[in-house]
Amino acid sequence: MSLKVDRDSMAFTFKGGMLPMTVMELTSADPERIREQLAGKLSQSPAFFQHTPVVLNVEKLDEPHLALERICAVCRAHKLLPVAVRGGPDPVKQSAWALGLGWFPPQEAPRSRPLESVTGDGDAEMAEPSEPAGEVVTPGALPGTTVGGRIYRGTVRSGQQVTAPEGDLVVVGAVNAGAEVLAAGSVHVYGALRGRALAGIHGDAQAGIFCRELHAELLSVAGNYKRLEDIDPRLLGTAVQVRLSDDQLGITPLG
Amino acid sequence: MAKIIVVTSGKGGVGKTTSAAAIATGLALRGKKTVVIDFDVGLRNLDLIMGCERRVVYDLVNVIQGEAGLNQALIRDKRVDNLHILPASQTRDKDALTLEGVEKVLDTLTKDFDFIICDSPAGIERGAQLAMYFADEAIVVTNPEVSSVRDSDRILGLLASKTRRAERGEDPIQEHLLITRYNPSRVDLGDMLNLEDIREILAIDLLGLIPESEAVLRASNQGVPVTHDDDSDAGQAYADTVARLLGEEVPLRFHEYQKKGLLSRMFGGVRR
């Protein structure tokens, strides 16, 4: 069996994506109280309730069984479309599935998976930059769900690309000009950062970039980027952290 | 078993062939049985630098394609015993080389020689990758300028992933840095990258530093590897490089700008 499929004959392709999503954080499990509050909101801003998809976040509730079906019915009655449930114990997960809803793990996922360790010598799964990106299925596409990072020991050299698709990337060494380091979470470089560093590649705006010596060609957090030209020259060569605040990349000295 | 050393750089014109010829000559002068192979099929130069261009009959491609025996193609150097040259073809291109063919040639040579020096073509394509594929050690030739350093960095990445040692998960290739065309006075003026910057970026051990020297151009045009010119700074620097390659500790020279003192002005000092 050949895995090669003619692109024209494909019925679909999987794409990772970030969509704006309203999260309804429940602090009460009582459908009646939810109905009252929704009715109030609906009269305030009717434009909002246009079959808007929502994720019901039940993390704050401490109840093993939820009247999930009734809560959903209340939502639909107010033109909100519950598409998934986030958090909650196993019975909640099961009833979400039974109702045809998706289930997401809670936001504060325990970081149980140890960092995968790789060294700079040998084949460190270094993809050539020509490889088509963007057809990657990303299970943890919501911010904050990134677990399972990666440690890279050695110099990331020109033309090499090192990626942590699911968590933080730690580089113990330098990232040279022409090299690219990417992470779903944050990028930490214990050395000079001369190449490109992209953090939060699946849209995690909480991610950051940290390095010992800033000379980066490009810095990007969740798609917001700065080129070397845009960086305050006084910060070059210093230890910095890069964070996103109000859609602006802020670069501040470390320590 | 011979040690296979590739002389490579990524960027062209930095002194790969000059260095391959000089190092091979230096090794042979130290009594090591050495063969230097030109992998730059289509742009044959090594034979000119080695001064044996009039004695080329068969070449590497002929051997790989079975048109000649290895012994027919090997040229014995006229100046040093122990030194042989395997020239490239000028009329073919790099597609004429095959991985299996190169492996067979190297396997045969490794039985008879102490060192096999592979003079890589510029670039990162097939020719360069074939030259480095079977190497045990690599000498990365770099000029003190940013484009050369970046290309060397790229080559170091390939050495760590696209070679037999990397693919088999064996001990990685030993990587050495050879800085050529170093001009300390221009480094002091800020025209050239300095030694420490290059070492910091490439993060590999320094095998040698060859000063920019008139002796190199003269040697190339005369077809006499500069190692033979032991009065010259470049000749001495290559001799130091060879000594380090053989595991000796030799202090670094020619990396600092020295104003000419009275004595050296009177007696000439080291010739450039």
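## Before you start

Residues are numbered from 1 along each chain as its sequence is written, and chains are lettered from A and ligands numbered from 1 in the order in which they are written. Because the model is predicted, local features need pLDDT of at least 70 and side-chain atom pairs count only at pLDDT 80 or more, while totals for chains, interfaces and linings use all residues; side-chain values use heavy atoms, with hydrogens and water left out.

## The sheet of chain B

Let us begin with chain B. Its 8 strands form an open sheet in the order S3-S4-S2-S5-S1-S6-S7-S8, and the pairing is mixed. Strand S3 (75-76) and strand S8 (205-211) of chain B stand at the edges with a single partner strand each, so one side of each has no neighbour in the sheet. Helices (H or I, at least four residues) and strands (E, at least two) are DSSP runs, numbered from the N terminus, and two strands pair if DSSP finds at least two bridges between them.

Strand S2 (residues 34-38) of chain B runs parallel to strand S4 (residues 83-86) of chain B, and 4 bridges join them. Here B:Thr34 has B:Leu83 as its bridge partner in S4(B). S2(B) also pairs with S5(B) in the parallel sense, over 5 bridges, and B:Val36 stands opposite B:Ile117 in S5(B).

In S5(B), 5 of the 5 residues are buried, so the strand is largely enclosed by the rest of the structure. Buried means under 20% relative accessible area, exposed over 50%, and partly exposed in between (1.4 Å probe, protein chains only). In a regular strand the side chains alternate between the two faces of the sheet. In S5(B) both faces are covered: B:Phe115, B:Ile117 and B:Asp119 are buried on one side, and B:Ile116 and B:Cys118 on the other.

Helix H12 (residues 233-245) of chain B lies across S1, S6, S7 and S8 of chain B, at about 165 degrees to S8(B). Axes are lines fitted to C-alpha atoms, for helices over the stretch in contact (heavy atoms within 4.5 Å), and angles run from 0 to 180 degrees between N-to-C directions.

## A sheet in chain A

Chain A has an open sheet of 5 strands in the order S7-S9-S11-S13-S14, with mixed pairing. Strand S7 (161-164) and strand S14 (224-227) of chain A stand at its edges, each with a single partner strand, so one side of each is left without a neighbour in the sheet. From one strand to the next, the twist averages 5 degrees. S7(A) and strand S9 (residues 180-183) of chain A run parallel and are joined by 4 bridges; the bridge partner of A:Thr163 in S9(A) is A:Leu182.

A:Val55 sits in strand S2 (residues 52-57) of chain A and is buried, with a relative accessible area of 4%. Leaving aside residues up to four places away in sequence, A:Val55 touches several residues, among them A:Thr22, A:Val85 and A:Phe104. A:Thr22 is 33 residues from A:Val55 along the chain, and their C-alpha atoms are separated by 6.3 Å.

Two residues other than glycine have a positive phi. For A:Lys79, phi is about 60 degrees; this residue lies in the loop between helix H2 (68-77) and strand S3 (80-86) of chain A and is partly exposed, at 41% relative accessible area. For A:Asp246, phi is near 55 degrees. A:Asp246 lies in the loop between strand S15 (240-245) and strand S16 (248-253) of chain A and is exposed, at 76% relative accessibility.

## Salt bridges

A salt bridge is a side-chain nitrogen of Lys or Arg within 4 Å of a carboxyl oxygen of Asp or Glu, and by this rule the count over all chains is 21. A:Arg157 forms one with B:Asp153, their closest N and O atoms being 2.9 Å apart. This pair crosses between chains, from the loop between strand S6 (150-153) and S7 of chain A to helix H7 (residues 146-159) of chain B. Both A:Arg157 and B:Asp153 are buried.
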